[in-house]
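Here is a report on one protein chain. It moves from the overall layout to single residues.

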Amino acid sequence: MNAMTDLNRNYIAGAWVAGVGEIENRNPSDLSELVGRYAQASAAQLDEALAAAKRAQAVWASYGPERRHDVLMAIGTEMMSRAAELGELLSREEGKPLAEGKGEIHRAGQFFTYYAAECLRQIGDTADSVRAGVEIDVRREPVGVVAVISPWNFPTATASWKIAPALAFGNAVIWKPANLTPASAVALTEIISRQDIPEGLFNLVMGAGREIGQALVESPALDAISFTGSVPVGRGIARAAVENFTKIQMEMGSKNALAVMDDADLDLAVSLALGGAFGGTGQKCTASSRLVVHAAVHDEFVRKLVAGAKALKVGHALEAGTQIGPVVSEAQLQANLDYVALGLSEGATLECGGERLSLATEGYYMSPVVFTGTTNDMRINREEMFAPIACVIKVNSYAEALEVVNDTEFGLTSGIVTRSIARATHFRRNARTGCVMVNLPTAGTDYHVPFGGRGNSSYGPREQGAYAAEFYTTVKTAYIAAGTPEELK
């Protein structure tokens, strides 16, 4: 149901159903374009989804691994084959440039095909007991019914890297997507709904976080919650979950730093900084918003960075050549502009950007910002802004750079640009982040290895790769005393 005049519905207990209200979804590149109308679920519908999921999960867990493999492979293959179509839809509702939208859909499909293979790799362990005649096997079983709460900035990829392992390991899913990006959620749900799965195994429940989201995380019917979003919301989910001892996995904010050393390839460093800070309009939890630059190369780096930022084309997400699309909403744009004003009030120097732009279509456009003269104790360097704003911090040594990189309450990603293998090795070992990049942007990770951070960035088991099993399964240890065959007695 993609026509603007159609009501896009929730998917509950194997049926597409309307709710108690609806919202409009408009293109942030062109506010005159209505992407669609989307139903908002009721509390009673959420209860129905939870009950259906519990019933379906038992059936799904009994499916053989090859049958589950085929389902996930079909989902991933269709997503990748439709990357152009679904990527355009994603870009229309979220605002990222079309190439990034297509890339996100393709990557999301890869999560499903990767976890399809994981269905066939669920191999346990065996051990001999310390007691004679007793053998032990250790296996992983589904955790049960999993709530997936996903953000708007990667509406398909982030949801997919949660949904795919949940299904691969035998769980049922209740998905509450961000209300800013419901079109991508409905599109993915339509693909999943056509597969060979029990009714109620997968449920799409759209609604506001303060209503449906809160009721979901407080439900004792849940076995696990996987959340990506802000730290304050994460804290609230943790408080609700502990009341029911619900298993939680949370990816939250960050304030990632890219350290540029005096021996760095400056052209490479500038390229990494531009892509890391401004890719996705800066709306990435892995964005490099702190640029920690050695004094010996600071001025030249800044000169090239500012020139590069000014040259970036801000425009309609679907327009050829657009490098920075609009931000996602009016509220987000205003928050970004408020941070520009805050930076100036803190004494930072605005080298470029920071203005709301008027283009051919009305949208939430702003020019990318470079601040210099910043210190690590400024709020613009302490708080996650989720904006196309990069702050340069000058340091005098590698040791000082590492100290600044680690001086944050967050700890998702960090990076260093250097030709020194000694510095790169030391940084890799001593940067207190979950992901470390050497001569690469802080944004951009692979799907087959673990993803997550430290501090306020993450809580609970890692996402992605084989490490996802820690969250989506529970371990059972079985002791077997088979006795001695009659013939040998």
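UniProt positions are given in the numbering used here, and its annotations may be inferred rather than shown by experiment. With that in mind, the unreviewed UniProt entry places the feature "domain: Aldehyde dehydrogenase" at residues 16-477. The model itself is predicted. Over residues 16-477 the chain is 40% helix and 21% strand. The end C-alpha atoms of that stretch are 40 Å apart.

**Domains and cores**

The domain assignment gives domain 1 (7-252 + 457-477) and domain 2 (257-438). Their centres, taken over C-alpha atoms, are separated by 31 Å. Domain 1 puts 24 residues into the contact, and domain 2 puts in 27 residues.

The largest nonpolar core has 83 residues. Leu72, Phe112, Ile163, Ile174, Trp175 and Ile225 have the most contacts inside this core. Helix 4 (residues 98-119) supplies the largest share, 8 residues. Both domain 1 and domain 2 give residues to this core, so it lies between them.

What does Leu72 touch, leaving aside its neighbours within four places in sequence? Its contacts are Trp60, Phe112, Thr113, Tyr115, Ala116, Ala164, Leu167 and Ala168.

An open sheet is formed by 3 strands in the order 1-5-4, with mixed pairing. Strand 1 (7-8) and strand 4 (21-27) stand at the edges, each with a single partner strand, so one side of each is left without a neighbour in the sheet. In strand 5, Arg37 stands opposite Leu7.

Strand 7 pairs with strand 6 and with strand 21, as the table shows. Strand 6 and strand 7 form a hairpin with 6 residues between them. In its turn, Gly133 has a positive phi of about 80 degrees. Asp125 has Val138 of strand 7 as its bridge partner. Arg139 stands opposite Lys476 in strand 21.

| Strand pair | Sense | Bridges |
|---|---|---|
| Strand 6 (residues 125-128) and strand 7 (residues 135-142) | antiparallel | 4 bridges |
| Strand 7 and strand 21 (residues 473-480) | antiparallel | 8 bridges |
| Strand 1 and strand 5 (residues 30-40) | parallel | 2 bridges |

**Helix 12**

Helix 12 covers residues 398-406. Tyr398, Ala401, Leu402, Val404, Val405 and Asn406 are buried there. What do the buried residues of helix 12 pack against? They meet strand 13 (257-260), strand 14 (290-294), strand 17 (389-395), strand 18 (413-417) and helix 13 (421-430).

Ser226 lies in strand 11 (residues 224-228). Is Ser226 buried or exposed? Its relative accessibility is 0%, so Ser226 counts as buried; the cut-off for buried is under 20%. The side chain of Ser226 makes a polar contact with the side chain of Lys162, at 2.9 Å. Not counting residues up to four places away in sequence, Ser226 touches Ala147, Val148, Ile149, Lys162, Gln249, Glu463, Phe471 and Tyr472. Ala183 sits 43 residues from Ser226 along the chain, and their C-alpha atoms are separated by 21 Å.

Ser254 has its place in the loop between strand 12 (247-251) and strand 13. Ser254 counts as buried because its relative accessibility is 4%. Which side chains make polar contacts with the side chain of Ser254? One is that of Asn256, at 2.7 Å. Another is that of Ser457, at 3.5 Å. Beyond residues up to four places away in sequence, Ser254 touches Cys285, Glu384, Phe410, Gly411, Leu412, Thr413 and Ser457.

Leu216 is found in helix 7 (residues 209-217). At 1% relative accessibility, Leu216 also counts as buried. Leaving aside neighbours within four places in sequence, Leu216 is in contact with Leu46, Leu50, Ala147, Ile149, Ile174, Lys176 and Leu222. The C-alpha atoms of Leu216 and Val148 are separated by 9.9 Å, with the two residues 68 residues apart along the chain. In soluble globular proteins, nonpolar side chains tend to be buried together.

Notes. Residues numbered from 1 in each chain as written. Predicted model: local features only at pLDDT ≥ 70, side-chain atom pairs only at ≥ 80, totals over all residues. Heavy atoms only, no water. Core = buried A, V, L, I, M, F, W, Y, C linked by side-chain atoms within 4.5 Å. Buried < 20%, exposed > 50% of the residue type's maximum accessible area, 1.4 Å probe, protein only. Domains from an automatic or database assignment. Contact = heavy atoms within 4.5 Å. Polar contact = N/O pair within 3.5 Å; in protein donor to acceptor, adjacent residues only side chain to side chain. Pairing = 2+ DSSP bridges.
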